[in-house]
Amino acid sequence: MRGFTQPLTQGAGHPDKQSLRGRIVVARDLTPSDIIMLKHQGIAAFVTEYGGPLSHTAILARSLGIPAILGIRHASQLLQQDEMLVVDGSQGIVLADPTGPILQHFHQRISQREAREAREAELRRGIDLPAVTLDGTQISLLANIELPDDIVTTLENRADGVGLFRTEFLYMNRTAPPEEEEQLDAYLDAVRGLQGRLLTIRTFDLGVDKTLEGNGIGYLPAANPALGLRAVRLCLKEPGLFLPQLRAILRASAEGPVRLMIPMLSSLAEVNEVLTIIEQTKQALQKEGLAFDPEIPIGGMIEIPAAAISAQAFARKLDFLSIGTNDLIQYTLAVDRMDEEVNYLFDPLHPAVLKLIALTISAAKQNNIPVSMCGEMAGDPLFTRLLLGMGLTELSMQPGALLESREVVRNSHLPELSKRAASFIERLDHEAPLALFEELFS
C-alpha cells in the first residue's frame, strides 16, 4: 500500500470536514468507524500513533485502498499542521517536509505503479480461468468483505463467494443498534448482489477496536478488551443484540446460499448454547410464517488455541470451521497485534501456530466438514503454497488478493506441496521456521 500526497496533515483533534479531501490525517488513534467516515470524505492517507498492521483499522484500510501507517509514536506532536508529508505505506515510512531529491525519488516510486498495473492487467487476462491446481484439484477462493460496496470488487475479481462478511459496520456511527429489518435489508442486498454465490455471514465481533460506544449497551470497557467481553461472549450476554441479527441472517437465507458463522468460540458449552438459541430462533420464525433455509450451515471460527485443541469436538457439532489467523496467532503467542511495541513478534510461521492450524484441518477432515481460512494469512501469496500443502482447499481473503492467489493456485502441484508441508511440520521443532520455509516454499 503506497501513499503520496502534497497537501498536509490535519493533526489530532477534529479538523474541518470540508478540508479533508486529498489530505493526510494524523491522529493518536482511529477506529474502524472513523476510517469509513474518512473514506467518504476523500482522505489520501492516514497516520496514527497507536495500532499495528493487523489491527482491524489496518485491515479495513487495506480493503478500502487507503494508504496508512499505524504505530508512529508522538506523530501528532512531531508532524505539523499543513506540513508536506510523504507516506509510504508499503515500507512504513513517514517523511516530513521532504527535500527536492526525496520528492523526486517518491515521484519515481509513483511512476512505478505502471509496472504494477501491467502486472495486474496480466493477471486479469486469466481471471476467468478456474482456480485449479496442476494436478486438477479445485480450490475455492472466497472474499472477505466489510461493506456492501465490496460486493462489486468481489465479483470483478471472480471470487467463488464470500467466506467472511463482517457485520460490524451496521453497528458503527449510530446511537442505537440496528433493527432486524435494517439488517435483513443489508444481508439481502449482499445475497442478491452475489448472484447465487455463497455468502458467509459472521455474527458481530464487537469489542477491542470495534467498540459499542454510543450504542447505549451500557457496559464498562475491559482492562484488556482482547480478553474481555467481545464477539460470541457479548452475543450471549446481550440477547437483545444477538437475536435480531440471528433472525435477519436466517431470513436472508431464504433467498440464496447463506452460511452463519460464530466468532471467538472457546468451549463446547458456548457451541451448544449458540446452537440452542439458533434452533429456538428457527422455531419462532416458523411459527410466524417467515421463510428461512432450515438447513442453513452453522459454522464456528477457530481463533483461540482452546478452540483449535477442541476442534474435534467442535467439528462434531458444527457444519464447517473457519480459521481466523489474526486472533489465533495473537492469542497463541500472547502478542497484541495492535501494539506497535510487540507486534514484530506476530509470526504466522511459529511452530505452535502451524500445529494448531494443522489440528483444525485434521479435525474437519476426519468429520467430513469443510474448513477454510479467513485471516490475513490466507490472502498472502507468500503462504499460499504452504496452506495448500497443509490441506486447505478453501481460502478467503480481501478481494484485491484474489488475482495473485489464483495464479499461485494454478501453478501449484498439490501432491508435491503436501510432501513439502509434511516435511516442514515434522522439522519445525529442530530448524528455524523461516529458513526452513524459504528452503521448501520459496
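Start by selecting Ala334, which is exposed at 72% relative accessibility. Here, exposed means over 50% relative accessible area, buried means under 20%, and partly exposed lies in between (1.4 Å probe, protein chains only). This is a predicted model, where local features need pLDDT of at least 70 and side-chain atom pairs count only at pLDDT 80 or more, while totals for chains, interfaces and linings use all residues. Residues are numbered from 1 along each chain as its sequence is written, and side-chain values use heavy atoms, with hydrogens and water left out.

**Stop 1: two residues with positive phi**

Stay with Ala334 for a moment: its phi is near 55°, a positive value in a residue other than glycine. Most residues other than glycine have a negative phi. Ala334 is in the loop between α13 (325–333) and α14 (351–366). The helix and strand labels on this tour are DSSP runs numbered from the N terminus: helices are H or I with at least four residues, and strands are E with at least two.

Now select Gln195, in the loop between α7 and β9. Gln195 also has a positive phi, about 55°, although it is not a glycine. Is Gln195 buried or exposed? With a relative accessible area of 60%, Gln195 is exposed.

**Stop 2: an open sheet**

Next, show the strands β2, β3 and β4, which form an open sheet in that order, with parallel pairing. Two strands pair if DSSP finds at least two bridges between them. β2 (24–27) and β4 (68–70) are at the edges and each has a single partner strand, so one side of each is left without a neighbour in the sheet. Neighbouring strands here are turned by 10° against each other on average, direction ignored; the axes behind such angles are lines fitted to C-alpha atoms (for helices over the stretch in contact), and angles run from 0 to 180 degrees between N-to-C directions.

Zoom in on β3 (residues 45–48), which is joined to β4 by three bridges. Which residue of β4 is the bridge partner of Thr48? Select Leu70 to find that partner.

Then bring in helix α1 (residues 32–40), whose buried residues are Pro32, Ser33, Ile35, Ile36 and Leu38. They pack against β2, β3 and α2 (56–64), where contact means heavy atoms within 4.5 Å. Just after α1, look at Gly42, with a positive phi of about 80°.

**Stop 3: a covered strand**

Move on to β10 (residues 258–262), where five of five residues are buried. Colour Val258, Leu260 and Ile262, which point one way from β10, and then Arg259 and Met261, which point the other way.

On one pairing, β9 (residues 198–202) meets β10 in the parallel sense over four bridges, with Met261 as the bridge partner of Arg202. On another, three bridges join β10 to the parallel strand β11 (residues 298–302), and Gly300 is the partner of Ile262.

**Stop 4: nonpolar cores**

In soluble globular proteins, nonpolar side chains tend to be buried together. A nonpolar core is a set of buried Ala, Val, Leu, Ile, Met, Phe, Trp, Tyr and Cys residues joined through side-chain atoms within 4.5 Å. The largest one has 115 residues, and Phe46, Ile357 and Phe424 touch the most other members. Helix α9 (residues 239–252) gives the largest share of this core, seven residues. Apart from it lies another core, of nine residues, among them Val26, Val47, Ile69 and Leu85.

Select Phe424 and look around: leaving aside neighbours within four places in sequence, its contacts include Leu349, Pro433 and Phe441.

**Stop 5: salt bridges**

How many salt bridges does the structure hold? There are 17, each a side-chain nitrogen of Lys or Arg within 4 Å of a carboxyl oxygen of Asp or Glu.

Select Arg158 and Asp128, whose side chains meet at 2.7 Å, N to O. They are 30 residues apart, with Arg158 in the loop between α6 (150–156) and β8 (161–166) and Asp128 in the loop between α5 (113–124) and β7 (140–145). Arg158 is partly exposed at 34%, whereas Asp128 is exposed at 58%.

Finish with Arg192 and Glu255, a salt bridge of 2.9 Å, N to O. Arg192 is in helix α7 (residues 180–193) and Glu255 is in the loop between α9 and β10, 63 residues apart.
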